[in-house]
Amino acid sequence: MRSGRPDPDRLLQRMAALCARSEQCSFDIGSKLRRAGLPDADVRNILDRLKADGFIDDRRYAGSFARDKVRFSGWGKLKIRMALASKRIPAPTIADALDSISSEDYRKALVSAATLKARTLDLADHGDRTKLMRHLAARGFEGSVCSAAVAYLVKKTEDPNGLHTHRNYGNMWVTNPQGPMSQTHKGRKDRKVR
């Protein structure tokens with residue numbers, strides 16, 4: 001059994017190998033090094049070295065994290081913002097990461113989360129519509145986007161033949177005749193679609 005001070009060179013190699021396998025942020029790597037028993041001065045030195053060698057880049061990490069959480073976990077931007085803030089990522093970096101999310105991926109995540117939950121609800125009931133709104137909000141979607149998704153699903157259940165009316169939700173998601181939601185621009189007039 002080994003005791004004593006951990007070897008900084010060995011930990012540097014281990015952290016570099018970890019960063020080579022997957023994106024890591026400086027907060028997570030720093031936490032791992034502190035748990036291993038390294039003093040703060042050694043932790044700072046290792047983090048500086050990993051950053052200089054390109055193993056750690058918090059901007060790259062934040063962008064990858066945001067895109068992956070939307071695509072694979074179905075998170076909204078509010079939940080992603082909170083998760084990145086908890087990892088001490090700077091606010092401008094978080095804003096850039098959220099901007100890097102594809103609007104198509106975000107729409108798909110919203111539609112998927114709303115549709116899956118709506119299958120267990122009666123959207124004609126106000127209480128169930130509220131449950132759907134709370135579910136989407138808990139997944140981190142913005143209130144206006146949640147409202148538009150609920151309105152879309154309610155309209156879809158009222159009009160099963162696929163004839164939908166476009167609504168102006170102020171640059172939010174609205175219905176179209178193909179079924180999935182699409183983005184509209186502010187100022188568009190309501191119109192009937194065949």
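Me: What makes Asp105 count as partly exposed?
Reply: In this predicted model, Asp105 has a relative accessibility of 21%. Buried requires under 20% and exposed requires over 50%, with partly exposed in between, so at 21% Asp105 counts as partly exposed.

Me: Where does Asp105 lie, and which residues is Asp105 in contact with once neighbours within four places in sequence are left aside?
Reply: Asp105 belongs to helix H7, and its contacts, with those neighbours left aside, are Val70 and Arg71. The C-alpha atoms of Asp105 and Val70 are separated by 6.8 Å, although the two residues are 35 residues apart along the chain.

Me: Why is the pairing of Arg71 with Asp105 called a salt bridge?
Reply: The closest N and O atoms of Arg71 and Asp105 are 3.3 Å apart; since the term asks for a side-chain nitrogen of Lys or Arg within 4 Å of a carboxyl oxygen of Asp or Glu, the pair is therefore a salt bridge. This pair links distant parts of the chain, with Arg71 in helix H4 and Asp105 in helix H7, 34 residues apart. Arg71, at 43% relative accessibility, counts as partly exposed.

Me: How many salt bridges does the structure hold, and what is the N to O distance between Glu23 and Arg60?
Reply: The structure holds nine salt bridges, and one of them joins the side chains of Glu23 and Arg60 at 2.8 Å, N to O. Here too the pair links distant parts of the chain, Glu23 being in the loop between H1 and H2 and Arg60 in helix H4, 37 residues apart. Glu23 has a relative accessible area of 28% and is partly exposed, and Arg60, with 34%, is also partly exposed.

Me: How do you know that Arg5 is exposed and that Asp42 counts as buried?
Reply: The relative accessible area of Arg5 is 54%, and exposed means over 50%, so Arg5 is exposed. Asp42 has 14% relative accessibility, and because buried means under 20%, Asp42 counts as buried. Arg5 and Asp42 form a salt bridge, with their closest N and O atoms 2.1 Å apart. The pair links distant parts of the chain: Arg5 is in the segment before H1 and Asp42 is in helix H3, 37 residues apart.

Me: Why is Asp58 said to have no salt bridge?
Reply: The nearest side chain of opposite charge to Asp58 is Lys51, at 4.8 Å, and a salt bridge needs a nitrogen to oxygen distance within 4 Å, so Asp58, although buried, has no salt bridge. Asp58 is found in helix H4, which covers residues 58–73.

Me: What makes the pair Asp58 and Ser26 a polar contact?
Reply: The contact between the side chains of Asp58 and Ser26 is 2.7 Å, and the limit for a polar contact is 3.5 Å, so the pair qualifies as a polar contact. Not counting residues up to four places away in sequence, Asp58 touches Cys25, Ser26, Ile89 and Thr93.

Me: Which residues of helix H2 are buried, and what covers them?
Reply: Ser26, Asp28, Ile29, Gly30 and Leu33 are buried in helix H2, residues 26–35, and their cover includes helix H1 (8–21), helix H3 (40–52) and H4. H2 is followed by Gly37, which has a positive phi near 100°.

Me: How many residues does the largest nonpolar core have, and which helix gives the most to this core?
Reply: The largest nonpolar core has 33 residues, and those with the most contacts inside it are Ile80, Leu84, Leu132, Leu136 and Phe141. H4, H5, H6, H7, H8 and H9 each supply at least two residues of this core, and H9 gives the most, with seven residues. Leaving aside neighbours within four places in sequence, Phe141 is in contact with residues including Trp75, Leu78, Tyr106, Leu110, Leu136 and Cys146. A second, separate core has 14 residues, among them Leu12, Met15, Ala16 and Leu50.

Me: What share of the protein chain counts as buried?
Reply: Of its 194 residues, 41% count as buried, and the chain has nine helices and four strands.

How values were computed. Residues numbered from 1 in each chain as written. Predicted model: local features only at pLDDT ≥ 70, side-chain atom pairs only at ≥ 80, totals over all residues. Heavy atoms only, no water. Buried < 20%, exposed > 50% of the residue type's maximum accessible area, 1.4 Å probe, protein only. Lys, Arg positive; Asp, Glu negative; His and termini not counted. Polar contact = N/O pair within 3.5 Å; in protein donor to acceptor, adjacent residues only side chain to side chain. Contact = heavy atoms within 4.5 Å. Core = buried A, V, L, I, M, F, W, Y, C linked by side-chain atoms within 4.5 Å.
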